[in-house]
Number of protein chains: 2
Amino acid sequence: MLIVKKFGGTSVGTPERIMNVARRCVEDFSKGNDVVVVLSAMGKTTDELIHLAHRINQKPPKRELDMLMTTGEQVSVSLMAMAMDSLGVRAVSLNAFQVAMRTTSRYGDARLKRIDSDRILHELEDRKIVIVTGFQGINKYDDYTTLGRGGSDTTAVALAAALHADACEIYTDVDGVFTADPRICKRARKLKEITYDEMLDLASLGAGVLHNRSVEMAKKYGVTLVVRSSLNRSEGTILREETTVERMLISGVALDKSADRISVLGLKDRPGVAFRLFDIIAKANINIDVILQSIGRDGTKDISFTLPDENADEALEILEANKSRLQYQNIDVNKNVAKLSIVGSGMMSNPGVAAKMFEALYNEDININMISTSEIRVTVLIDTRDAERAVNAVHDAFGLDE
Amino acid sequence: MLIVKKFGGTSVGTPERIMNVARRCVEDFSKGNDVVVVLSAMGKTTDELIHLAHRINQKPPKRELDMLMTTGEQVSVSLMAMAMDSLGVRAVSLNAFQVAMRTTSRYGDARLKRIDSDRILHELEDRKIVIVTGFQGINKYDDYTTLGRGGSDTTAVALAAALHADACEIYTDVDGVFTADPRICKRARKLKEITYDEMLDLASLGAGVLHNRSVEMAKKYGVTLVVRSSLNRSEGTILREETTVERMLISGVALDKSADRISVLGLKDRPGVAFRLFDIIAKANINIDVILQSIGRDGTKDISFTLPDENADEALEILEANKSRLQYQNIDVNKNVAKLSIVGSGMMSNPGVAAKMFEALYNEDININMISTSEIRVTVLIDTRDAERAVNAVHDAFGLDE
């Protein structure tokens, strides 16, 4: 078997943890498997490097910031190779130049384009464990790039695809994907399996142990992903196209408390109003989320949308600056809202799912602010105060703890 | 003018110092010069990385140690580019892969073989300051190597040669090359010029602000070197093949207190004895220095040699382990010796130089232990207690303070 294993910054945060990860990899290697390890930078290294850069330049050029950041993973991989050597196993660390991990040009947020697998395959044939720097690549100018959020996961999935690996294991500090956040919902249960699409919805709804980009890539290339803990031996959660276990109605409940709601009230009820509004927001590079438009009445309509709370103030400023252009009456903001979602491929063939969720909330006397649905997801906006109670009520209503 | 400027770890040890160096480089750049900057790792970074490695593996594989160490210079160069950007100047940092700084294969102590100047020239044409990682290269396996002691100086000289630079400035924490160590000899004077050969002797005798390898390379490629201070604007010392100022009898007095003397007494006076002795020492990778062999008497002879004090104990162990093979009577060690040398191309045509030195020591009642000479150097071994008095006496005798 060829196994790609990815460990995040916390898992390699200290020399002791590096030794632990090394032992775990050597175990698989000693069973005769080929092992490729992808690592992030140690613990807080990335933050420290950014801090150092900012002491010199408040707005450092992105090319140079990537040049700086990529040293973080190089430190991790070389130390890991030393750790494996101390266990008597041959290992070799490789950075983005050595693999030839080609990306698009965009510094700080590049996309992987092409991985040259020759060097890795050559080292594997030589019976070495191969340790690759996550998060980084090189662009057509032969400059370092970084992959943005969740970058090391993406590196691991891309390598698994390029090498036709039998498994791609993402190690994290949780045991896998849960039916709800275990810190909120005591009866939350770890899922044995989940589909890529379900995971994508869960990830974008704030329950993500995995970043969407890596899940999308896994789906695209059919890479079977396993999310599991680096702290214990529990089996984790398997992500694939179709789950093999019997289909449950829903897979999980996700909660996102970081959303704010903005309502633009009294807009003219005529074509192009929504376009102008969201075009202005999009130009400021703000991602908006759930959108709801009221039915027009008295020649006016209201548009509400949610967005990450760190963008709320900027969005408000932009809207006020464009008041005359957008011609609305006023703006209402609610910062005390939470997004509660249920996700599951099962709901596609079960029309009663949304109603069941609403009933559970009604029984708890929880008011619903906005509703938005997709094929495998129902999202409601509720008051933050009700959030945790709501998660538990919905989790119970769908019998996710059984 | 194309100027290569090299700054060591102390000069880039903090964000403030990095800004200082940046300003100094930008000054030259703004006058219309092309500027290439070579940097070492920040302050204690290299030591810290080695310490981190040793926490994981007491004997880390050298390939992986180089992979780890090379991150140090990459941090320096990217931060320097950010500093120059903050001063409104375009700059680009390049590592050994990006330049294509090819070396021999040997990790930890590689030799530069070939520098590809295309990328650097292209960036210079684009009116950028180019900042290159010192000390590092890549070998034929596309693996990082490091150049060993004085590596960043070597990088700077090699780049100056490859780019046909008009000047190569080595910035350090002293003002230049002095006639003697100013901490010991108050009347020591900074030399305006010195020849490569003189510098080579001074460097190997412990007075080295420059490592021999970089001086040898400068000599080989005819690169005019300037050693100057990163702390002030003083002019520094120029190194070239022939000095243009009127030839002085000697250029400087060097003192090395780190030497020990070992005497092997009562060896059989027959061929092969010296060979066997030094072969055994060399196999332990110990560099010995001044060698003196007594004239044979009563069928036996004595051999004395000096060596760095950190190797003395190991050398003694080896000699005792080989007592029966070497057939000597006993060993005498003196750890309280100092090596005092005078260096100068002028002495080649002036036979009285050594005598003048001996006279100065005699006048101070300083006993000479051993004597060794080369074409442009006289070295004597004296008691450590006499060392500083001896430096001043010799310095005065040759009128180096005038």
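Student: Which residue of chain A comes closest to the rotation axis?

Tutor: A:T71 does, with its C-alpha at 2.5 Å. A word on the model before we go on. It is predicted, so local features need pLDDT of at least 70, side-chain atom pairs count only at pLDDT 80 or more, and totals for chains, interfaces and linings use all residues. Residues are numbered from 1 along each chain as its sequence is written, chains are lettered from A in the order in which they are written, and side-chain values use heavy atoms, without hydrogens and water.

Student: How is chain A laid on chain B?

Tutor: Copies are superposed by least squares on the C-alpha atoms of residues with pLDDT of at least 70 in both. Here a turn of 179 degrees and a shift of 0.1 Å along the axis do it, with an RMSD of 0.2 Å. The two copies are thus related as by a two-fold rotation axis.

Student: How many residues does each chain give to the contact?

Tutor: Contact means heavy atoms within 4.5 Å. Chain A gives 43 residues, and chain B gives 43 residues. Of the interface residues of chain A, 100% are also interface residues in chain B, so the copies meet through the same surface.

Student: What area is buried between chain A and chain B?

Tutor: Buried area is the accessible area (1.4 Å probe) that two parts lose on being put together, summed over both. Here the area is about 3200 Å², and carbon and sulfur atoms give 64% of it. In chain A, the residues that lose the most area to chain B are A:I56, A:M67 and A:M82, together 21% of what that side buries.

Student: How many salt bridges cross the interface of chain A and chain B?

Tutor: Side chains of opposite charge can pair when their charged atoms come close. The rule asks for a side-chain nitrogen of Lys or Arg within 4 Å of a carboxyl oxygen of Asp or Glu. It finds four across this interface. A:D143 and B:R119 form a salt bridge, at 2.8 Å from N to O.

Student: Which element gives the largest share of the side of chain A that touches chain B?

Tutor: Helices (H or I, at least four residues) and strands (E, at least two) are DSSP runs, numbered from the N terminus. Helix 3 of chain A gives the largest share, 17 residues.

Student: Which strands of chain A pair with strand 16?

Tutor: Two strands pair if DSSP finds at least two bridges between them. Strand 14 (residues 259–268) of chain A pairs with strand 16 (residues 300–308) of chain A, antiparallel, over eight bridges. There, A:D260 has A:L307 as its bridge partner. Strand 15 (residues 291–293) of chain A also runs antiparallel to strand 16 of chain A, joined by three bridges. A:I291 stands opposite A:F305 of strand 16.
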